[in-house]
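Have the model open as you read.

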Amino acid sequence: MLGVSLGTVQQMVENGLLEAWKTAGGHRRIRIGSVEEYLRRRTSGHTGQPIGQLRVLVAEDDRIMQRLYAHTFETWKLPIELKLVESGFEGLLEIGRQQPDLLISDLVMPGLDGFAMISKLRGDAKLADMDIVVITGLTQEDIEARGGLPEDVIVYGKPVPFKELKGYLQARIAQLQRRSRVSA
């Protein structure tokens with residue numbers, strides 16, 4: 001019903017997104033009503049997030065870069081809910097828990113890299129409209145040699161162009177706030 005892996009469902013239970021209990025044998029039992037309510041919230045766009053707040057997921061394996069993203073986003077005082085992950089695999093798990101409005105990803109990461117993560121995301125019709133921005137040290141030739149990226153993915157080179165990124169986020173927040181006013 002949810003279209004996600006067993007591990008993702010377990011995380012959804014642990015994060016309180018689905019109501020469940022454990023049997024004496026340690027198996028989880030999830031109320032069908034809880035799954036239906038979750039699907040209703042997801043398809044109606046109501047996820048409990050404040051109106052006009054942009055959910056941003058950053059997939060970056062470098063801890064210093066993670067701290068730089070967190071600090072910079074905080075100084076902007078924009079309505080952003082920021083999540084940080086270290087790999088493409090963790091990114092896919094987090095997206096399975098709660099789809100962000102925007103994914104910002106590095107391409108070269110251990111395990112499942114940004115190329116593979118983006119390929120999986122673009123292969124899922126439910127996630128096809130999620131905005132993706134790549135920030136990488138690779139050249140365009142390097143990216144093409146590794147199979148390229150979908151045309152709708154925005155690519156910035158490193159160092160992170162925070163001024164351009166801030167402008168992009170401000171535009172997305174304004175768009176989100178306009179949509180929430182129209183639907184209210």
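Strand E5 is covered on both faces: Leu-102 and Ile-104 lie buried on one side, Leu-103 and Ser-105 on the other. Buried here means under 20% relative accessible area, with a 1.4 Å probe and protein chains only. In a regular strand, side chains alternate between the two faces of the sheet. This is a predicted model, where local features need pLDDT of at least 70, side-chain atom pairs count only at pLDDT 80 or more, and totals for chains, interfaces and linings use all residues. Residues are numbered from 1 along each chain as its sequence is written, and side-chain values use heavy atoms, leaving out hydrogens and water.

**Strand pairing**
- E5 pairs with E3 in the parallel sense over four bridges; pairing requires at least two DSSP bridges between the strands.
- Within E5, Leu-102 is the bridge partner of Val-56.
- E5 and E6 also pair in parallel, over four bridges, and Asp-131 in E6 is the bridge partner of Leu-102.
- From E5 the chain crosses through H5 to E6, a right-handed β-α-β crossover (clockwise from the first strand over the helix to the second, with the strands pointing away from the viewer).

**Helix H5**
- H5 (a DSSP run of H or I, at least four residues) spans residues 114–122, and its buried residues are Gly-114, Phe-115, Met-117, Ile-118, Leu-121 and Arg-122.
- These residues cover an arc of only 165 degrees around the axis, so they sit on the same side of H5; the arc is taken from the directions from the helix axis to the C-beta atoms.
- They pack against E3, H4, E5, E6 and H6, with contact meaning heavy atoms within 4.5 Å.

Note on methods. Buried means under 20% relative accessible area, exposed over 50%, partly exposed in between (1.4 Å probe, protein chains only). Helices (H or I, at least four residues) and strands (E, at least two) are DSSP runs, numbered from the N terminus.
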